[in-house]
Amino acid sequence: MSVDEALRQLLALARATPFTAVEPVALRQADGRVLAEDLLATIDLPPWANSAMDGYALRLDDLPGQPLPVSQAVFAGQAPGPLQARTCARVFTGAPVPDGTDCVQLQENCVLDAQGRVSSLTPLRRGDNVRPQGNEIRADAPLLAAGTVLNPISLGVLASQGISQVPVLRRPRVALLSSGDELAGEGAVLGPGQIFDSNRVVLATLLERLGCDVIDLGCVPDDPLRLRTALVEAEGAELIISSAGVSVGDADCIGALLREGGEVKLWKLAIKPGKPFTFGHVGAVPLLGLPGNPGSALVTFLLTARPYLLARMGVVQVEPVRVPVVAGFAWPKAGKRQEYLRVRLDGGRARLLENQSSATLLSAVQGDGLLEVPAGETFEAGDVLDFIAFAGVGVY
Ligand code: AMP
Ligand code: MG
């Protein structure tokens, strides 16, 4: 199955089973959380017309003729009186301009005579150097839409509206396990034939960066009974993610478990690194079974599990952002599967990292992201391809 078709099906499932629980959080706790409701502006911004510069607020009609005496000075944080006829007002950046002001002349474009009266040296138009009330947004206008992933910038927008608490989606509870007789957990001593589990920490931290609460079920041997016992702890989870145990060599532990729960999608995804991918249910809880090789687990998580989760969270932009980059190498042999090459960007050109094995993470750690090569395609150095930056998918 193509990656696109798998994603289409997964996203349809996700949109049909959205997470719905909402909780209020303070702005400083809201970074990375998903806004649960549409928010409107509470106030005009700026709340009043104010000066964009240090200078003199004046009326255009008063400019021809005599220099203008300064009738008041307005600092930021003060409230001015109206602009008196045939005078100007000293104003500073961010200070409200007096009612009756047409524009502000910069102080460097003014001369003061012996009596402290102001003459303007350059022509002015209405509105110059004044930021009008409501210029940025009007009260009750749409501010941020439900499904927005809050970030430092949107938090600043909320703060500028005096909003100190926002309704966000409660953190989805995701149970995570690594499957395989050969796996040794953190801090364990390696026995014969064992390797350390690296997928769990990768997937756990990626999930946490998506705003999930991770229920860590640890490493589970290739034994249906042990798997079932481990999953008792998944109680309360809204999703289970596993790695490995979906290929034939494992006696297909995960697949066997899922088949009891009803319909199972056992896909051979046309993706490299990747391929075996399982979707089914344990009781009522959906399970995404990712492949075991660390490179494959990473890529399939980023391209399928991540968009699936974001879609259940009500996020609009769920797929990785692709940007065109120039390939710094040729790809003469077409593959049968859509391929994600781990590359580094050197002066805007993608350089292929040496080890593209699905079993390695080390080349990905030196990379800036993935170059997407469609199935059946070749390319020359200098051709433009889609690139997915790691930083855009939570790996920064
Ligand atoms: P499997 O999908 O179970 O056939 O595993 C494929 C490959 O990935 C095997 O070489 C496993 O040893 C390796 N592998 C599986 N799970 C992990 C893990 N959690 N961390 C590191 N390597 C793994
Ligand atoms: Mg295995």
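Q: Is valine 316 buried or exposed?
A: The idea is to compare a relative accessible area with cut-offs: buried means under 20%, exposed means over 50%, and partly exposed is in between, using a 1.4 Å probe and protein chains only. Valine 316 comes out at 68%, so it is exposed. Keep in mind that this is a predicted model, where local features need pLDDT of at least 70, side-chain atom pairs count only at pLDDT 80 or more, and totals for chains, interfaces and linings use all residues. As for bookkeeping, residues are numbered from 1 along each chain as its sequence is written, chains are lettered from A and ligands numbered from 1 in the order in which they are written, and side-chain values use heavy atoms, with hydrogens and water left out.

Q: Where is valine 316 found?
A: Look for the elements on either side of it. Helices (H or I, at least four residues) and strands (E, at least two) are DSSP runs, numbered from the N terminus. Valine 316 is in the loop between helix H6 and strand E22 (322–327).

Q: Which residues is valine 316 in contact with, leaving aside its neighbours within four places in sequence?
A: Contact means heavy atoms within 4.5 Å. With those neighbours set aside, valine 316 is in contact with Arg15 and Gly147.

Q: How exposed is phenylalanine 196, and what is its relative accessible area?
A: Phenylalanine 196 is partly exposed, at 45%. You'll find phenylalanine 196 in strand E15 (residues 195–196). Beyond four places in sequence, it is in contact with Ala184, Gly185, Ala188 and Leu190. From C-alpha to C-alpha, phenylalanine 196 and glycine 185 are separated by 6.0 Å, though they are 11 residues apart along the chain.

Q: Which residues of helix H4 are buried?
A: First the general idea: an α-helix has 3.6 residues a turn, so residues three or four places apart point the same way. In H4 (residues 224–231), the buried residues are Leu227, Ala230 and Leu231. They cover an arc of only 95° around the axis, which puts them on the same side of H4; the arc is that of the directions from the helix axis to the C-beta atoms. Leu225 and Thr229 are exposed on the other side of H4.

Q: What covers the buried residues of H4?
A: The cover includes strand E13 (173–179), strand E16 (213–220), strand E17 (239–243), helix H5 (253–260) and strand E20.

Q: What is the order of the open sheet of 6 strands?
A: Two strands pair if DSSP finds at least two bridges between them, and you follow the pairs across. Here the order is E16-E13-E17-E21-E20-E18, and the pairing is mixed. E16 and E18 stand at the edges with a single partner strand each, so one side of each has no neighbour in the sheet. Neighbouring strands are turned by 15° against each other on average, direction ignored.

Q: How many bridges join E20 to strand E21?
A: There are 5, and E20 and E21 (residues 285–290) run antiparallel. One of the partner pairs is valine 282 with valine 285 in E21. This hairpin has 2 residues between the strands, and glycine 283 takes a positive phi near 60°. E20 (residues 276–282) is also joined to E18 (residues 265–268) by 4 bridges, again antiparallel. In E20, phenylalanine 277 is the bridge partner of tryptophan 267, and threonine 278 is that of leucine 266.

Q: Which strands does helix H6 lie across?
A: For angles, axes are lines fitted to C-alpha atoms, for helices over the stretch in contact, and the angles run from 0 to 180 degrees between N-to-C directions. H6 (residues 294–312) lies across E13, E17, E20 and E21, at about 160° to E21. Helix H1 (residues 3–16) lies across E18, E20 and E21, at about 155° to E18.
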